[in-house]
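Visitor: Hi, I'm new to this one. Could you walk me through it?
Guide: Happy to. Here it is.

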Amino acid sequence: DIIEWLRFLKNSIGFDGWRYDFVRGYGGQFVKIYTDATVPEMAFGEYWDTCEYTDGVLNYNQDGHRQRTVNWVDATGGTNAAFDFTTKGILQEALGRNELWRLVDAQGRPPGFV
């Protein structure tokens, strides 16, 4: 079973954290079970989702993208973090197009999951 395998990796091999890939494909409540059962030093999910674009240009408002990641982390009960692909996408667009105004959202906050 998965939990026994994770315990083996942690206790016999020396792994001290988990990176769960493609967590968009399964609920955070399942990852919580694995994380609670193995108590790693850290645990991250890769919630890779598509940012929102119009005509090939990144939309300024990425709140929906950010919220989907937040929802996944919340589903883990806060036992896992997530890679911040919202910030990655915004930084890539802001620097590549010299549009630094993208680095703050409409509420004056960082636009990603920071």
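This is a predicted model: local features need pLDDT of at least 70, side-chain atom pairs count only at pLDDT 80 or more; totals for chains, interfaces and linings use all residues.

Visitor: How many helices and strands does the chain have?
Guide: There are 4 helices and 5 strands. These are DSSP runs, numbered from the N terminus: helices are H or I with at least four residues, strands E with at least two. Along the sequence the pattern reads α-β-α-β-β-β-α-β-α.

Visitor: And what does the C-alpha trace span?
Guide: About 50 × 25 × 25 Å along its principal axes.

Visitor: Which strands form the open sheet?
Guide: The sheet has 3 strands in the order β1-β2-β5, with parallel pairing. Two strands pair if DSSP finds at least two bridges between them. β1 and β5 (81-82) are at the edges with a single partner strand each, so one side of each has no neighbour in the sheet.

Visitor: How many bridges join β2 to β5?
Guide: 2 bridges, and Phe 44 stands opposite Ala 81 in β5. Strand β1 (residues 17-20) pairs with β2 (residues 42-45) over 4 bridges, and there Tyr 20 is opposite Gly 45. Between β1 and β2 the chain passes through helix α2 (residues 28-38), in a right-handed β-α-β crossover. Right-handed here says that, with the strands pointing away from the viewer, the path from the first strand over the helix to the second runs clockwise.

Visitor: Switching to helices: at what angle do α1 and α2 pack?
Guide: Helix α1 (residues 2-13) packs on α2 at about 45°, with the axes 10 Å apart. Axes are lines fitted to C-alpha atoms, for helices over the stretch in contact, and angles run from 0 to 180 degrees between N-to-C directions. That makes the pair oblique; under 35 degrees counts as roughly parallel, over 145 as roughly antiparallel, 65 to 115 as roughly perpendicular and the rest as oblique.

Visitor: Which residues of α1 make the contact?
Guide: Ile 2, Ile 3, Leu 6, Arg 7 and Lys 10, meeting Ile 33, Tyr 34, Ala 37 and Thr 38 of α2. Contact means heavy atoms within 4.5 Å.

Visitor: And those two loop residues?
Guide: Phe 22, in the loop between β1 and α2, has a positive phi near 45°. Asp 55, between β3 (53-54) and β4 (57-58), has a positive phi near 50°.

Note on methods
Residues are numbered from 1 along each chain as its sequence is written. Side-chain values use heavy atoms; hydrogens and water are left out.
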